[in-house]
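These are my notebook entries on a structure that I looked up chain by chain. I set down each term where I first needed it.

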Amino acid sequence: MSRMLPRARPRSWRVPVFIAVACGLLAGSCADRASSVTLAGSTAFQPFAEKLADAYDAAHPEIDVTVQGGGSAVGISAAINGAAQIGMADLVELPPDAKIPTAFVVARDGIAVIVNPANGIADLTMARIRDIYAGAIRNWKDLGGPDRLITVVSRESGSGTRSSFETILGRFDLADSAIIQDSNGTVRATVADDAGAIGYLSYGLVSDAIKAVKVDGLPCTTELILAGKYRLVRPIYFLCMGEPSPAAKGFIDYVLGPAGQASIEADGLLPATTSRGAR
Amino acid sequence: MKAASDRIAERILLAVACTAILCLLVIAAFIFKEGIPFLLKVGPRDFLFSSDWRPDAGSYGIFPMIASSLWVTFGALAIGAPLGISGAIFLAEFSPPAVVQVVKPAIELLAGIPSVVFGFIGVMVLAPFIRRVAGGPGLSVLAAAIVLGVMILPTVMSISIDALRAVPQSFREGAFALGATRWQAVRMVVLKAARSGLLAGTILGMGRAIGETMAVIMVAGNSVKMPASPLDSARTLTANIALEMGYATGLHRQALFATGIVLFVVIMILNASAMAALKRKGAARR
Amino acid sequence: MNAHKLSQRVAVALLGGATLLTLAAVAFVIFFVLEKGLSQVNLEFLLSKPRDMGKEGGIFPAIAGTLFLSLLAIAAALPLGVGTAVYLAEYTRENGFTRALRFGTDCLAGIPSIIFGLFGYIFFVTTLRMGWSLLAGALTLAIMVLPTIIRSSEEAIRSVPESWREVSLSVGATRWETVRKVVLPSALPGIVTGVMLSFGRSIGETAAVIFTAGSSFRMPRGVFDSVRTMAVHFYILAREGISTEKAYGTAAVLVMSVLAVNVLTYWLMHRFIARRAR
């Protein structure tokens, strides 16, 4: 009786098509791994790295440069466990348990301290900033401003920007009531909208929506950072376990070379002092 | 011959079911394997009931996060469940099919919008609104509850509509034959018959609310302090994990997996009470 | 009698109000995104690669990445999920084992996506050495949506009237034939609801995808390539403050794709139902 039931004819083409597609996908995956470089880590530097990778790719199409994010700490652990050939980290000092033998500084970035444009305060000392962030000063009127509670905005504890900020200011415990945001963009949006807020971010992202205050009387400008006077600055590292592979070395040389550094500068970061630190 | 193919089909399906369940078990095992050593070392009491979360100093107290997660989830349910189920009843029982054909896909569209978009709208529109109207930083438990409530609406409503539609028409006709109005039929007959489906929708919605990470990180403020009111900034268990996972190593990372265990246990308790409620009120349909 | 009619009117008004409120929320979100983003969307945006860190150019690789990732994830989860649901609903009796299973499935539906992301990172990306890849991302997403598909498929299968099965068995069909030709087709709308909800969730998923599929902005050439989905791209653009306009443009494309997928699925379902009616 089963022979008399009609077979569902439309189904028969589906299986071969599926197998063909699957084979195609797998075949395309057998890529040559030796000429590929993966970078992972600092989300602040990720867009810059992508732009550099695109430019490098145009000149060297046989090398495959892929950029991932995840944060500075992911960069360190990816370099250690081999998931990435180059780890990117934007930290003032690398943590002691990151036993990375080779570190290249590829750029530097200033950290601007920002407040809402409606806030009259234009200048803060580092000690005062630390007190605000530790929760010792809670109202703008204690600083000569309006009677308004201070909304402290900081970054997540894995952020390179945050650990650099806290390290430079001197170790302190962040106030419990501080609002934590997970990116420069959302810090900026929060401060832009809350008249009582204070925050910090990459100085290349300062816009008209917020106001950057002077720190110890010094505004955050390229000249003052390069002169070493403005102190809230952090380097951006490329980290490799041991000697970088030839493909990775080619890319690192490009980034440290004139074309790479010009691209970095054009988008708001500072050029590196080409120092190679062996650890 | 037919019996043979039937048995083969049954074996294959059994294998499939076992594979699926195996996947789910592997995840559970993974979370527990990473988190249990931590609980044994630090002790559940300090972990769960201390309000001191400072991993750098070695203290891992997540009590404020537990409270925040519960506040935010129940707030989301308070918004999402009544709206979702009411809307489902209206669409399934009181609307012409043409209306449902248009409205249901429109609401399911909401399910496709990424949580980060909701989060971003929350930051740009909702938090400032709350700050202006009610005070506080705006980034708060209330903001998170509203955003999550809207996010779980399609889940609750979709599954509820399907559950209501699955109630056989004969149930309603029986009620009409006894002289009930449409609303009485719905209230006294249909809702009871669809109860397990409605509950399923709510539970899945609740599951989504507890597990939501990105949107909550963007609008809840993430401060480690215990929230004293819905207008306070708060950090949920999921936000805690996401914010620190990329950074944490060793004991700190294990602490975050232990947080995952806590989430798992909380969900198990919630689901168990839902199932118990079902059992008490009505028999399973099969 | 009048009191009953009155209470019905009140009830309908309230329920209708709730529906309107829901629709208002949907409309607000969609119009907000489209109003800010639609101006960015043109053929160049859709079909070209990004330039200058995403400030210029388009998002084609992200569109391709999103499609590949979601389709692969659903392709993996669908047979697994529906098969499990069929087995649970048709081949087992309601007992402690199935209740425990359903309970476990519900619990897993609540596990935060970040934990799936970490599991995927540690298991697929690192231990199995897949690297940040389409495959790692798809497998992780598949496990994430599995509970939803199992639950809603099972619900749909159980709601097929028992009498239909009895009729089928009484004309001599085997259990498997009954499932294939009677139960599954009529449970299809419910199954499709679950699949669409899962598809929507996988399109919008960010935390799990970043950790497993990575965020590389190249066109994927195989399953071991990293991809960036539109949701991840939106997240990166918006959070780093690089280009709010392009971010909204991406969100607009996302919203429109979901709309397109929904419309397509409903149309397919209608055709299927119409064909069966013949």
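**Conventions.** I took helices (H or I, at least four residues) and strands (E, at least two) as DSSP runs, numbered from the N terminus. The model is predicted, and local features need pLDDT of at least 70, side-chain atom pairs count only at pLDDT 80 or more, and totals for chains, interfaces and linings use all residues. Residues are numbered from 1 along each chain as its sequence is written, while chains are lettered from A and ligands numbered from 1 in the order in which they are written.

**Chain C, overall.** I read the elements of chain C along the sequence as α-α-β-β-α-α-α-α-α-α-α-α-α. That pattern holds 11 helices and two strands. Along the principal axes, the C-alpha atoms of chain C fill a box of roughly 65 × 60 × 40 Å. I looked up burial next, with a residue counted as buried if 20 or more other C-beta atoms lie within 10 Å of its own, exposed if 12 or fewer, and partly exposed in between, the C-beta atoms being placed from the backbone. By that rule, 56% of the 278 residues of chain C are buried. For contacts I required that the C-beta atoms of two residues, placed from the backbone, lie within 7 Å. Of the contacts in chain C with a separation of 6 or more, 76% are between residues 24 or more positions apart.

**Chain C, domains.** The bounds come from an automatic or database domain assignment. I noted domain 1 at 3–39 and domain 2 at 41–276 of chain C. Their centres, taken over C-alpha atoms, are 28 Å apart. Six residues of domain 1 of chain C are in contact with six residues of domain 2 of chain C. I then sorted residues by class: Ala, Val, Leu, Ile, Met, Phe, Trp, Tyr, Cys and Pro count as nonpolar, Asp, Glu, Lys and Arg as charged, and the others, Gly among them, as polar.

**Chain C, H6 against H8.** Two packed helices are described by the angle between their axes and the distance between the axes. My axes are lines fitted to C-alpha atoms, for helices over the stretch in contact, and angles run from 0 to 180 degrees between N-to-C directions. The axes of H6(C) and H8(C) come within 8 Å and cross at roughly 150°. H6(C) and H8(C) are therefore roughly antiparallel; angles under 35 degrees count as roughly parallel, over 145 as roughly antiparallel, 65 to 115 as roughly perpendicular and the rest as oblique. The residues in this contact include C:Leu141, C:Val145 and C:Ile149 of H6(C), and C:Val183, C:Ala187 and C:Gly190 of H8(C). By class I recorded 10 nonpolar, eight polar and two charged residues in the contact of H6(C) with H8(C).

**Chain B, overall.** Chain B has 12 helices and two strands, in the order α-α-β-β-α-α-α-α-α-α-α-α-α-α from the N terminus on. Its C-alpha trace spans about 70 × 60 × 35 Å along its principal axes. Of the 286 residues in chain B, 54% are buried.

**B:Ser69.** I located B:Ser69 in helix H3 (residues 63–94) of chain B. B:Ser69 counts as buried because it has 27 C-beta neighbours inside 10 Å. Beyond its neighbours within four places in sequence, B:Ser69 is in contact with B:Ile210, B:Thr236 and B:Leu237. The C-alpha atom of B:Arg235, 166 residues away along the chain, is 7.6 Å from that of B:Ser69.

**Chain C with chain B.** 81 residues of chain C are in contact with 77 residues of chain B. H1(C) gives the most to the side of chain C that touches chain B, with 20 residues. That side divides into 50 nonpolar, 23 polar and eight charged residues.

The axes of helix H6 (residues 141–166) of chain B and H8(C) come within 10 Å and cross at roughly 175°, which makes H6(B) roughly antiparallel to H8(C). B:Thr155, B:Ser158 and B:Asp162 of H6(B) meet C:Gly190, C:Thr193 and C:Leu197 of H8(C).

**Chain A with chain B.** 20 residues of chain A are in contact with 21 residues of chain B. H6(A) gives the most to the side of chain A that touches chain B, with four residues.
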